[in-house]
Amino acid sequence: MARCGCSLTGAREAKHGDHMPREGTNPATHPPFVSIITPFYNTEQYIAESIESVLAQTYTNWEYILVNNQSTDASRSIAERYARQDSRIRLLDTPKHFGQVANFNAAMKHMSPESHYCKVVLADDWLFPECIERMVELAEAHPSVGIVSSYRLFGEEITGDGLPYAGKVISGRKACQSMLRDGFYLTGSPTSVLVRADIVRKEEAFYPEGWLHDDTEACFRILAEHDLGFIHQVLTFSRKDDESLTSEVARFGPGPIRKFMFAVKFGPQFFTDDEYAKYLERETDFYGQFLAESVFQFKKKEFWDFHREGLQAVNADFWSIGLPKYIFLETLDIVFNPKKTIGRFVRLAKNSR
């Protein structure tokens, strides 16, 4: 695929040959080459910290591709300063401003053909020093592993728990069952994982450009064919950013619809028919009850438009999930449970101030 017309800046482009083993060395003992990729747009407050965390890695056989998505702040000049200081860094510019997912997919097309692994680092996240070394080590020891993940520090919260400590490799099927049915957040964000480069290359668009949670969908797709490697150590940091896309839609309650959509789209791949029927019923009930409560919280049109769009993405609608039934049950609960009803309206009054 063409490189989207991106231009190169910085001291010089890092030549792919610069990273190959010197003549006379043993390629079998040479560390695998890793492409680290950071697409960025107006992240001047954080991008230096992100770049510094890559430079501080104990693993050194990498290229670092920084892709500027037409930033209007000082992000690009900060990135350029680092590119001039380290020949492993390539700084590229998109020909126009892309949407977030399109920008990520375009950036990954610049990965070196020599790369064995791909590591995305979001511009407001960072890596702990041993991150890439530990992830590559596990992947090299287990060829069946398509994705390597670990615990992550998400703001002040540690996520990724749920797997037995002794297990470093889990089948993709079991990993997806844990994420779907049990709610374990094993693959975190794009910064949290290392992916085999060949898996990235075979996809025209690595991240699906549809509704939300494109990174998790990409992981489900990979784990349908590969195992998950997991390191029981905090290796990445993700910032809780109030300006992120996820934060932007938080007021719409994306959690229940995310679980329902994942059940519809991916449940049949990872569960038996009986398991899936019970799992889908549980998630439908959970989502239906959430929507019914929202009716009596007098949610605005944009809330309902958001959920209507999400349901359409999995060929469903409010009627097909049985929303009238859940509204009826919620009405009965309001009538026959006045104490609970009073509490609801007190909370509603407080939230509307």
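Predicted model: local features only at pLDDT ≥ 70, side-chain atom pairs only at ≥ 80, totals over all residues.
**View 1. A stacked aromatic pair joins Phe-260 and Tyr-287.** The structure holds 18 aromatic pairs. In one of them the ring centres of Phe-260 and Tyr-287 lie 5.6 Å apart with 25° between the planes, and because planes under 30 degrees apart count as stacked, this pair is classed as stacked. Phe-260 belongs to helix 9 (residues 254-270) and Tyr-287 to helix 10 (residues 273-295), so the contact ties together parts that are 27 residues apart in sequence.

**View 2. Trp-304 and Phe-318 form an edge-to-face aromatic pair.** The two rings are 5.7 Å apart from centre to centre, with 80° between their planes. Trp-304 sits in helix 11 (residues 301-312), whereas Phe-318 is in the loop between helix 11 and helix 12, and the pair thus links distant parts of the chain, 14 residues apart. Trp-304 is buried, with a relative accessible area of 16%, and Phe-318 is buried with a relative accessible area of 16%. Phe-260, Tyr-287, Trp-304 and Phe-318 are among the members of one aromatic cluster, which also includes Phe-290 and Phe-303.

**View 3. Strand 5 (residues 117-120) pairs with strand 2 and with strand 10.** Strand 2 (residues 34-40) runs parallel to strand 5 and is joined to it by four bridges, with Lys-119 as the bridge partner of Ile-36. Strand 10 (residues 194-196) pairs with strand 5 in the antiparallel sense over two bridges, and here Val-195 is the bridge partner of Cys-118. Tyr-117 and Lys-119 point one way from strand 5 while Cys-118 and Val-120 point the other way, and all of these residues are buried.

**View 4. A nonpolar patch on the surface includes Leu-329.** The patch is formed by Phe-328, Leu-329, Leu-332, Val-335 and Phe-336, which together have about 530 Å² of accessible area. Leu-329 has its place in helix 12 (residues 323-336), and with a relative accessible area of 46% this residue is partly exposed.

**View 5. Arginine side chains lie over the faces of Trp-62 and Phe-206.** Arg-88 is placed over the face of Trp-62, at 3.7 Å from the ring centre, and Arg-221 over the face of Phe-206, at 5.4 Å from the ring centre.

Conventions:
Residues numbered from 1 in each chain as written. Heavy atoms only, no water. Buried < 20%, exposed > 50% of the residue type's maximum accessible area, 1.4 Å probe, protein only. Pairing = 2+ DSSP bridges. Patch = residues over 30% accessible without salt bridge, like charges linked within 9 Å, V, L, I, M, F, W, Y side chains within 5 Å. Areas by Shrake-Rupley, 256 points an atom, 1.4 Å probe, with all protein chains shown as cover. Salt bridge = Lys/Arg side-chain N within 4 Å of Asp/Glu carboxyl O. Phe/Tyr/Trp six-rings, centres within 6.5 Å; stacked < 30°, edge-to-face > 60°. Lys NZ or Arg CZ within 6 Å of the ring centre and 35° of its normal.
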